[in-house]
Amino acid sequence: MIADIIIRKIKGHLNQEEEILFENWLSEKDENLLTFKRLQKLHELKVPIPDIEELDAQKAWQLLLDAQRKQRKGVVRFSSRTLLRYAAIFVGIFGCFLAYRSFKSEATVIEPIDPNSITLDLGNGNTQVLTREGTLQIVNSEGEVLGKKVDGLVDYSQSKSDDVDDSAPEYNTLRIPNGKTFKVVLSDGTLVHLNAGSSLKYPVQFQKDKNREVVLIGEGFFEVTKNESSPFIVTSGGVDVRVLGTKFNVTSYPEDKRQNTVLVEGSVRIYETGSTYDVENSTLLSPGYKAEWNPEEKNMQLEKVPTELYTGWINGKLMMKEMVFSNIVKRLQRHYNVNITSEYQELNSRVFTATFEKESIREVLETFKLETPFDYEIEGNHILIKRQPKTDKPMGKV
């Protein structure tokens, strides 16, 4: 099924549900994004795309190399007439030079992007690497300025959304790697904070008097600009969160089994993605409550919670309350951009409550060791957690 979706994505447009499946596939591993970019280039070169189920980034690269070689050979065989021999040789050499430059340019675009980079997928198929420092203009294929990047924020608020016609809107996708956060101001003035390991797909300009729809994978905090004629809808983790103007946090990482929505102020309605919206089949969420969606059982559970526990990450805090260590590991990996392997099963099932702000990953591990002693090894960005060797002396209470 994903193979068909990828092909349709390359050749045209997907519906909302297919877009979510496609974005989930992209987020599974860094190589998938690279594979997709290379498949796009194959399509542009009019090269038949093989069975994607058996295709990886390296095979896609080899197909591109073959295609470029064929193009260059075609240039060399420009002419075989004796009378134009020298002219043909010159044109052939010059053509090879241009083909080489073209190939080199293609290779520059499709070379692997550092997985630790913040990237912006543009509507023209190009990907732009962003840094937290400095200023940068965001432009489309026609050179029109869509927005600007200032330090750790991308701003589209100067886009003239009222002037957009009924044609299909152009979408951008902002991707945040582990260990980093970023912000985006959408064309309506809505501010979105994106947590580590997240992505947001949104139209460059919202269309007047139509739903303002975005797709989130990971975690985001939304401060939505009120517009009664254009509801704001976040699609994430199998549910749609529908609002007019409010502040709320959505968490839905691919590795998580459930989607959480926590409302800070205002009101939202939540319903299953793909279903027709109405008051009867949606759940109303009040401030200070969390809605947890179980996609397997297709049910919603409401719970009153301290909202800061779910929004503290905006201010750099890492907060856990009564969370098992196996789930804490997932958050540490995203927050610190590390890979953690825990061979200590008893520790994995232990429940902890903790708050961290500026501590290093080593300081965090030392804190957990105070309650449940364990050994760990750090090599580069990989951490191995093991049970401490048994000693003859009994261990006292902490």
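The chat below goes through some features of a predicted model of a protein.

Visitor: How many helices and strands does the protein have?
Guide: The protein has nine helices and 23 strands. The model is predicted, so every value here is computed from it.

Visitor: And what share of the residues is buried?
Guide: Of the 398 residues, 43% count as buried.

Visitor: Let's pick a sheet. Which strands are in the one with β23?
Guide: The sheet is open and has three strands, in the order β20-β23-β22, with mixed pairing.

Visitor: Why is one side of β20 and of β22 left without a neighbour in the sheet?
Guide: Both stand at the edges and each has a single partner strand, so one side of each has no neighbour there.

Visitor: How much are neighbouring strands turned against each other?
Guide: On average by 15°, with direction ignored.

Visitor: Do β20 and β23 pair in the parallel or the antiparallel sense?
Guide: Strand β20, residues 339-342, pairs with strand β23, residues 382-386, in the parallel sense, over four bridges. In this pairing Asn 339 stands opposite His 382, and Ile 340 stands opposite Ile 383.

Visitor: And how do β22 and β23 run?
Guide: They run antiparallel, and five bridges join β23 to β22, which covers residues 375-379. Here Ile 378 has Ile 383 as its bridge partner.

Visitor: What sits between β22 and β23 in the hairpin?
Guide: Two residues lie between the strands, and Gly 380 in this hairpin takes a positive phi near 65°.

Visitor: Which helix packs on that sheet?
Guide: Helix α9, residues 361-369, which touches β22 and β23. The direction of α9 makes about 170° with that of β22.

Visitor: New topic: rings. How many aromatic pairs are there?
Guide: The count comes to eleven aromatic pairs. One of them is Tyr 156 with Tyr 202, which is edge-to-face, at 5.2 Å centre to centre and 70° between the planes.

Visitor: Where do Tyr 156 and Tyr 202 lie?
Guide: Tyr 156 is in the loop between β5 and β6, and Tyr 202 is in strand β9, so the pair ties together parts that are 46 residues apart in sequence.

Visitor: Are those two buried or exposed?
Guide: Tyr 156 is buried, with a relative accessible area of 1%. Tyr 202 is buried too, at 0%.

Visitor: What about Phe 222 and Phe 248?
Guide: Their ring centres are 5.2 Å apart and their planes are at 10°, so the pair is stacked. Phe 222 lies in strand β10 and Phe 248 in strand β13, so this pair ties together parts that are 26 residues apart in sequence. Phe 222 is buried, and so is Phe 248.

Visitor: Which rings are linked into a cluster?
Guide: Phe 325, Phe 352, Phe 356, Phe 368, Phe 374 and Tyr 376 are linked into a cluster by ring pairs.

Visitor: And which residues lie over a ring?
Guide: Arg 242 lies over the face of Tyr 277, 4.0 Å from the ring centre. The charged end of Arg 334 sits over the ring of Tyr 253, at 3.5 Å from its centre.

Visitor: Last topic. Where is Asp 121, and is it buried or exposed?
Guide: Asp 121 is found in strand β1, residues 118-121. Asp 121 has a relative accessible area of 9%, so it counts as buried.

Visitor: What does its side chain join to?
Guide: A polar contact of 2.8 Å joins the side chains of Asp 121 and Arg 175. Leaving aside neighbours within four places in sequence, the residues in contact with Asp 121 include Arg 175, Leu 33, Lys 37 and Tyr 171.

Visitor: And Lys 201, buried or exposed?
Guide: Lys 201 is found in strand β9 and counts as buried at 8% relative accessibility.

Visitor: Which residues is Lys 201 in contact with?
Guide: Beyond its neighbours within four places in sequence, its contacts include Glu 19, Glu 23, Lys 9 and Tyr 171. Tyr 171 is among the contacts of Asp 121 as well.

Terms used
Residues numbered from 1 in each chain as written. Predicted model: local features only at pLDDT ≥ 70, side-chain atom pairs only at ≥ 80, totals over all residues. Heavy atoms only, no water. Pairing = 2+ DSSP bridges. Phe/Tyr/Trp six-rings, centres within 6.5 Å; stacked < 30°, edge-to-face > 60°. Buried < 20%, exposed > 50% of the residue type's maximum accessible area, 1.4 Å probe, protein only. Lys NZ or Arg CZ within 6 Å of the ring centre and 35° of its normal. Polar contact = N/O pair within 3.5 Å; in protein donor to acceptor, adjacent residues only side chain to side chain. Contact = heavy atoms within 4.5 Å. Axes fitted to C-alpha atoms, helices over the stretch in contact; angles between N-to-C directions.
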